Protein chains: 2
Amino acid sequence: MTKTPTILVVGTGNVAWHLCNAFKDSNCKIKGIVGRNTSELDSFSRQFNIESFGFHDFPNSEVILIAVSDDKINKVSEIFKASNALVVHTSGTKSIAELCEEIKNKGVFYPFQTFSKNKPLNYKSTPIFIETEKPENTNFMKTLAGEISSKVHDLDSTSRKELHLAGVLSNNFVNALIGEATSLLTKNNIPTEVMWPLLEETIAKAKSLGAKDAQTGPAKRGDSKSIEAHLELLKSNDQLKKLYSIMSNLIQERHS
Amino acid sequence: MTKTPTILVVGTGNVAWHLCNAFKDSNCKIKGIVGRNTSELDSFSRQFNIESFGFHDFPNSEVILIAVSDDKINKVSEIFKASNALVVHTSGTKSIAELCEEIKNKGVFYPFQTFSKNKPLNYKSTPIFIETEKPENTNFMKTLAGEISSKVHDLDSTSRKELHLAGVLSNNFVNALIGEATSLLTKNNIPTEVMWPLLEETIAKAKSLGAKDAQTGPAKRGDSKSIEAHLELLKSNDQLKKLYSIMSNLIQERHS
């Protein structure tokens, strides 16, 4: 790796935005943003003071970071099949083999985080999971990821899929539970802000005790009276009632 | 309310511990801890430098805070039926009427938080939900709760049950999801610490955007290929597979 390796970021979504935002303060040089949507490209250009390129007129670079939706990775990667760069995708679910076969130096660069444009993040503590096809590219990938994060891990495509599933549980499903709790509070005219201290303490306790020891509640202590009372409250909320039952069964099974 | 109202705390569990810990730094005076378990009483005595009493030899006080398990509230409250004190329980699920009928001044003092002994908390930001039977006791209860928290809310017994259910979703169920995610990581030799930045950002995003706008993932975008792939990964994990399906259905229903 040169002292200031050059990067092209491909895509104009949330992940692309955060890659630009993270690498702009690193020793790497973002040579440009590549994409199709010209108004988005303009916005990236202005915001990060970088050049923008269409899919057929981009310059050379040492790294090409493809941050497009999962089902477009293969097609988009074909554009770079003649490149000598390290071409990587950023998906949790897709294997490294999703990159077009002819690419000589393939890799995966998967940041384990939830991204929204314009919402700053602490990149140093964001875990990045890397994979390369050729062992000789591993150190380059490690150095590259290490430019923005201090939590770089090697992970193969099979395990990365299970990591992504863990991410769905921790982010999508936790958020959905917060949504259901919000609805219950709103229905009872309780300000939703009362939830945050409890949620923050829930995470803090799981972190310090481990989730197994931190588990409490009716299901954990086998309090079927409270479970019945909750199910009665949910009698006209079919989906949440089902979820409550399944979740209580799961907790009882895991803690019995 | 006098300038230094006197309190008896009844019970030696997690909630009792935190009531003692919170009120010891307030303008209220803890007259003592009341309970059955003598070794626990001794430990409270030493830790908070307060007197301890059995169920039949306690002194008078202006407030009696009953922090025992739900199914013991009624029985324990009978002991105080002749008292002129404000007698309150601290349960989310039990109605104010769970307190023995003869008690003249009944109340509920429900802190919406998850408690572990010896784990310090910011009480000022812990929401407390109060209820009194007689309107003339409301101001006293507000002042009392205001001694430890700046987030005091009136709430009746019916709504408090739904609030408690929201607490089960936000704490017990979120923790259970963290437990499942932990297992997936451990199975793949991934350090579990990689979860915390994602979980903390999940809470931060729900807080800033609202859970509805913060929802992302395969279920939200109707990506049935990813959902199928996740269910395939879970084929030998029956409980979590069921949970995944129900949760995905719920997300799709709420966002369609």
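Into which domains is chain A divided? In this predicted model, chain A comprises domain 1, spanning 6–155, and domain 2, spanning 161–254.

**View 1. Domain 1 and domain 2 of chain A.** The C-alpha centres of domain 1 and domain 2 of chain A are separated by 36 Å. Contact between these domains of chain A involves six residues of domain 1 and five residues of domain 2. On the side of domain 1 of chain A that touches domain 2 of chain A, three residues are nonpolar, three are polar and none is charged.

**View 2. The side of chain B that touches chain A.** Here 75 residues of chain B are in contact with 75 residues of chain A. Five helices of chain B each give two or more residues to this side: α5 (157–187), α6 (195–209), α7 (211–214), α8 (224–233) and α9 (238–254). Of these, α5(B) provides the largest share, with 25 residues. Divided by class, the side of chain B that touches chain A holds 38 nonpolar, 24 polar and 13 charged residues.

**View 3. The axis relating chain B to chain A.** Within chain B, Val174(B) has the C-alpha nearest the axis, at 2.9 Å from it.

**View 4. The surface through which the copies meet.** Of the interface residues of chain B, 100% are also interface residues in chain A, so the two copies meet through the same surface.

Conventions: Residues are numbered from 1 along each chain as its sequence is written. Chains are lettered from A and ligands numbered from 1 in the order in which they are written. This is a predicted model: local features need pLDDT of at least 70, side-chain atom pairs count only at pLDDT 80 or more; totals for chains, interfaces and linings use all residues. Domain bounds come from an automatic or database domain assignment. Two residues are in contact if their C-beta atoms, placed from the backbone, lie within 7 Å. Ala, Val, Leu, Ile, Met, Phe, Trp, Tyr, Cys and Pro count as nonpolar, Asp, Glu, Lys and Arg as charged, and the others, Gly among them, as polar. Helices (H or I, at least four residues) and strands (E, at least two) are DSSP runs, numbered from the N terminus. Copies are superposed by least squares on the C-alpha atoms of residues with pLDDT of at least 70 in both.
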